Amino acid sequence: MADPRDPRPLTGEPLALDLLNTRWREAGEHDLLADLDGYRLWLSSAGLADRCTADGAGLAATRDARSALQALVDTPGSATGRAALNAVLAHGGVYRTLTADGPADTVRTDGPQQLAAWLAADDYLALLRRDAHRIKRCAHPACILHFFDTSQNGRRRWCSMAVCGNRSKAARHYERTARAESAGR
């Protein structure tokens with residue numbers, strides 16, 4: 001559940017996309033990861049505040065992960081993006097054990113500052129395995145937000161129908177009205 005103080009217009013996406021959505025445009029450019037306070041807020045919204053260190057090293061690692069993810073969603077299959085994401089993933093791994101309660105997976109990273117970045121990178125791999133075509137950027141030309149399309153037919157176009165979808169519909173309506181008026185003159 002997103003932290004109620006989180007100012008972003010779209011929250012609640014899978015972790016990898018939620019990290020991408022720490023940059024947005026709404027009456028200007030915004031970057032939640034511009035400082036440690038924003039990073040702490042993102043960790044809280046992502047449910048990671050109790051697991052990850054909110055320090056400069058963690059912020060830098062998370063920005064690196066975001067850059068790698070951005071490169072991959074902008075240019076799927078990008079060698080540069082793959083190398084950057086693999087560099088993030090190289091800082092950790094999943095270790096499997098058998099406990100009294102059954103099988104258990106534990107994520108281990110080189111240090112606590114790497115955990116949020118590693119989890120976001122690993123989440124991206126899970127989304128690719130699930131269905132890479134459902135990782136989408138909002139269709140509104142001014143929007144830079146991303147989402148995982150969980151619609152039944154896979155045709156969702158907007159980060160939010162209430163915001164970007166309505167903006168686009170209003171712009172098309174205005175265009176049609178203006179054309180009809182100019183054609184009638």
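1. A residue is called buried under 20% relative accessible area, exposed over 50% and partly exposed in between, with a 1.4 Å probe and protein chains only. Keep in mind that this is a predicted model, where local features need pLDDT of at least 70, side-chain atom pairs count only at pLDDT 80 or more, and totals for chains, interfaces and linings use all residues. Residues are numbered from 1 along each chain as its sequence is written, and side-chain values use heavy atoms, leaving out hydrogens and water.

2. Let us start with the salt bridges, each a side-chain nitrogen of Lys or Arg within 4 Å of a carboxyl oxygen of Asp or Glu. The count by this rule is ten. One of them joins D3 and R5 at 2.7 Å, N to O. D3 is buried at 10% relative accessible area, whereas R5 is exposed at 60%.

3. R8 and D18 form another salt bridge, at 3.2 Å from N to O. R8 sits in the segment before α1 (15-20) and D18 in helix α1, so the pair ties together parts ten residues apart in sequence. Helices here are DSSP runs of H or I with at least four residues, strands are runs of E with at least two, and both are numbered from the N terminus. R8 is buried at 6%, and D18 is buried at 4%.

4. Do look at R134 and D149 too: their side chains meet at 4.0 Å, N to O. R134 lies in the loop between α5 (115-131) and β5 (135-137), and D149 in the loop between β6 (146-148) and α6 (161-183), 15 residues apart.
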